[in-house]
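Thank you all for making time this morning.

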Amino acid sequence: MTQNSITRSWVASANGHSDFPLQNLPLGVFSLKGSAPRAGVAIGEHIFDLQVALEAGLFDGVARSAVEAMQGGQLNAFFELGREARVALRERLIELFSEGSTLRGNIEAQGAKLLPLAADCQMHLPARISDYTDFYVGIEHAQNVGKLFRPDNPLLPNYKHVPIGYHGRASTVRASGTDVRRPKGQTLPAGQTEPVFGPCARLDYELELGIWIGQGNEMGEPIAIGDAAEHIAGFCLLNDWSARDIQAWEYQPLGPFLSKSFITSVSPWVVTAEALEPFRTAQPARPEGDPQPLPYLLDKRDQDGGAFDIELEVLLRTETMREQNLPAHRLTLSNTRYMYWTVAQMVAHHSVNGCQLQAGDLFGSGTLSGPENGQFGSLLEITEGGKKPIELASGEVRKFLEDGDEIILRARCAREGFASIGFGECRGTVIAAR
Ligand code: MN
């Protein structure tokens with residue numbers, strides 16, 4: 001079913017909703033006060049309780065199996081079912097919620113039991129995450145950061161041949177809204193030769209696209225690039241909170257470690273490939289002189305339509321700004337088009353050595369900065385490592401994040417002739433080191 005064939009919804013708040021119109025239908029795990037976490041779908045200002053809907057007999061066939069796989073408040077088994085189950089569920093949801101649905105009365109009769117307000121619900125991680133891998137495919141970020149660390153040699157020679165990544169920490173991934181405790185660690189103060197231990201003084205955010213893995217692969221059996229899209233369950237926003245002072249001291253030679261593993265925040269809704277279909281675009285052509293990807297990373301269909309046009313935004317609100325009721329300050333306006341490698345290339349590369357991916361694994365894209373001022377996806381880039389502080393409407397200045405600062409990530413997909421969709425928010429507030 002193409003997006004154009006989807007009509008308005010009888011759920012009034014869904015029509016024109018900036019994130020969750022009928023065309024989106026992202027999946028997530030939520031709870032109402034006192035209830036166990038369960039699967040739901042965002043529609044307008046509401047969440048459709050799939051567990052209650054299942055018990056009410058609103059699903060049959062493949063769609064029913066899809067919802068049955070979500071029991072227990074985790075979407076892993078549903079992710080494992082793959083595209084067919086996802087599409088069957090989506091088509092049934094569109095049928096249930098389209099204007100003129102014959103089941104409107106049945107759903108409305110159950111009121112908030114079946115369709116609670118999202119504002120009354122708490123969101124949780126959508127899946128049990130076995131492994132989290134953070135890539136580095138935002139080439140503008142790689143160049144900006146490379147310049148700070150290695151002015152004469154910003155991009156290392158492997159960058160345009162290998163989708164660079166490192167193994168992140170799955171156990172500290174959290175849903176939006178979880179506070180970010182300032183980490184303590186070992187740093188090397190400028191101009192000194194001996195490290196010190198204490199609270200991070202250069203706490204930063206990283207704006208990333210998150211990718212939820214669907215069907216996995218057997219160990220030893222790589223996922224071919226042409227099949228990679230079949231192994232992706234959906235997408236989210238991801239904030240790879242980073243302690244820059246700890247990172248600068250620890251990162252050589254094996255890459256980030258404790259500077260990243262204290263928390264990673266994700267937006268809780270899983271936006272499906274089907275919802276994002278109208279916002280796919282060709283992978284931008286590589287500049288003249290760049291190498292062609294090796295054959296295992298090159299697929300014509302992926303190059304022709306495997307990238308996304310998703311606008312990404314980062315907002316900052318300090319404690320003082322909240323007290324003075326000032327609007328959030330926009331730090332970043334970027335786009336997923338700044339990815340040098342596609343999501344399919346990440347999947348193919350990750351598994352090419354036989355590494356096993358599993359349903360519910362999480363990938364981060366790497367920081368997605370654009371080339372211009374205002375498009376940088378981290379404070380490290382915006383302030384040039386703390387050299388150029390930013391001024392806020394409250395009169396405050398920031399080089400890096402202070403306690404009480406809240407970072408909000410948002411995403412929006414818009415295209416002429418199509419309904420816009422969004423991802424919901426990924427929020428986190430910095431709290432003092434303990
Ligand atoms: Mn990162």
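Predicted model: local features only at pLDDT ≥ 70, side-chain atom pairs only at ≥ 80, totals over all residues.

Let me begin with the largest cavity, which is lined by Leu25, Leu27, Phe78, Arg86, Leu89, Arg90, Leu93, Thr272 and Glu274. By a cavity I mean, on a 1 Å grid over the protein atoms alone, a set of points where a 1.4 Å probe fits but cannot get out, and lining residues are those with an atom within 4 Å of a point.

Residues are numbered from 1 along each chain as its sequence is written, and side-chain values use heavy atoms, with hydrogens and water left out.

The largest cavity has a volume of about 70 Å³, where a volume is the space filled by probe spheres set on the grid points, joined across faces, edges and corners. Which element gives the largest share of its lining? That is helix 4, with four residues. Sorted by class, this lining has five nonpolar, one polar and three charged residues; Ala, Val, Leu, Ile, Met, Phe, Trp, Tyr, Cys and Pro count as nonpolar, Asp, Glu, Lys and Arg as charged, and the others, Gly among them, as polar.

Helix 4 itself spans residues 83-97 and lies across strand 1, strand 2 and strand 3, running at about 115° to strand 3. Helices (H or I, at least four residues) and strands (E, at least two) are DSSP runs, numbered from the N terminus; contact means heavy atoms within 4.5 Å; and angles, from 0 to 180 degrees, are taken between N-to-C directions of lines fitted to C-alpha atoms, for helices over the stretch in contact.

Turning to the strands, there is an open sheet of four, in the order 3-2-1-4, with antiparallel pairing, where two strands pair if DSSP finds at least two bridges between them. Its edge strands, each pairing on one side only, are strand 3 (46-49) and strand 4 (121-124). Strand 1 (residues 27-32) and strand 2 (residues 38-43) are joined by four bridges, and valine 29 has alanine 39 in strand 2 as its bridge partner.

Terms used: 1 Å grid on protein atoms, 1.4 Å probe; cavity = no way out; pocket = protein on both sides within 12 Å on 5 of 7 lines; lining within 4 Å.
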